[in-house]
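This report covers strand pairing, salt bridges, a nonpolar patch and aromatic contacts. The sequence and model come first.

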Amino acid sequence: MTIKTNLSAALLAAGLASAGAAYADDMSYTYVEGGYLMTDIDNVNVDGDGLGIAASAALNEMFFVFGDYATQEFDNNIDYDQFQLGLGGHWPITEVLDVVGTVSYVDAELDAGPANADDSGFGLGLGLRGRLTDVVELEGGINYYDLDDAGDDTQFNVGGRYYFTPAFAVGAGVQMGDDFTTWKISARYEFR
């Protein structure tokens, strides 16, 4: 899985760096987003789905604050909620490609009938975001989470968006952790 993910990230970077037109200035870091999530837990026969919402607000030309919330219901009446709030920065590598870094506070809650667990910790992220054309955007990255009780996890994500207008886009992506894979379909509205 790591080799495939690294290969995908390398292809993403090569494709974005070779794109010919200057569209990165069009990328907004102020947006709201909602989506449908489907998660498969590895090594056990447990699947889940749910909804996620996210928002980001640019503080200036380089920094932004962000937050997201996801709730999923799994087989056997297991519910999982996760909230994240953080600060990020983006720096241009080329005219069409930004490197994006984040630091965040993470809170997670698992409800499995009589067994409940709450946990919190921090997250660090590093990724690439860029435009192939004026309507196609790709992103990919790596996230590290360290929770007090659950321990740490390194996750890889890759996704893309298609812009129907300069502000409205639909997207799809996948996030892979040590023990799970989550697929996401979303809609985003950007404020410019």
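How many residues join β4 to β5 in the hairpin? The hairpin passes from β4 to β5 through two residues.

## Basis of the model

The model is predicted, and local features need pLDDT of at least 70, side-chain atom pairs count only at pLDDT 80 or more, and totals for chains, interfaces and linings use all residues. Numbering starts from 1 along each chain as its sequence is written, and side-chain values use heavy atoms, with hydrogens and water left out.

## Strand pairing

Strands are DSSP runs of E with at least two residues, numbered from the N terminus, and two of them pair if DSSP finds at least two bridges between them. Strand β4 (residues 78–94) runs antiparallel to strand β5 (residues 97–112), and 15 bridges join the two. Within this pairing, Gly88 has Thr102 of β5 as its bridge partner.

β5 also pairs with strand β6 (residues 115–131), again in the antiparallel sense, over 16 bridges. Ala108 stands opposite Asp119 of β6. The β5–β6 hairpin has two residues between its strands, and Gly113 in the turn has a positive phi of about 70 degrees.

## Salt bridges

The whole structure contains 10 salt bridges, each defined by a side-chain nitrogen of Lys or Arg within 4 Å of a carboxyl oxygen of Asp or Glu. One of them links Glu33 and Arg161, whose closest N and O atoms are 3.8 Å apart. Glu33 belongs to strand β1 (residues 31–41) and Arg161 to strand β8 (residues 151–163), so the pair ties together parts 128 residues apart in sequence. Relative accessible area is 10% for Glu33, which is buried, and 8% for Arg161, also buried; the classes are buried under 20%, exposed over 50% and partly exposed in between, with a 1.4 Å probe and protein chains only.

Arg129 forms salt bridges with Glu137, at 2.8 Å between the closest N and O atoms, and with Glu190, at 3.2 Å. Arg129 lies in β6 and Glu190 in strand β10 (residues 180–190), so this second pair connects parts 61 residues apart in sequence. Arg129 is buried at 4% relative accessibility, as is Glu190 at 1%. A network of salt bridges links residues including Glu33, Arg129, Glu137, Arg161, Arg188 and Glu190.

## Nonpolar patch

A nonpolar surface patch of about 730 Å² includes Leu59, Phe63, Leu87, Trp91 and Phe122. Patch residues have over 30% relative accessible area and no salt bridge; like charges are joined within 9 Å, and nonpolar side chains (Val, Leu, Ile, Met, Phe, Trp, Tyr) within 5 Å. Areas come from the Shrake-Rupley method with a 1.4 Å probe, and for residues only the protein chains shown count as cover. β3 (63–74), β4 and β6 each supply at least two residues of the patch. Leu87, in β4, is partly exposed at 39%.

## Aromatic contacts

There are seven aromatic pairs. Rings of Phe, Tyr and Trp (its six-membered ring) pair if their centres lie within 6.5 Å; planes under 30 degrees apart are stacked, over 60 edge-to-face and the rest tilted. Phe63 and Trp91 are edge-to-face, at 6.1 Å centre to centre with 85 degrees between the planes. Phe63 lies in β3 and Trp91 in β4, so the pair ties together parts 28 residues apart in sequence.

Arg188 has its charged end over the ring of Tyr31, 3.6 Å from the centre; this requires NZ of Lys or CZ of Arg within 6 Å of the ring centre and within 35 degrees of the ring normal. Arg129 lies over the face of Tyr29, at 4.6 Å from the ring centre.

How values were computed:
Helices (H or I, at least four residues) and strands (E, at least two) are DSSP runs, numbered from the N terminus.
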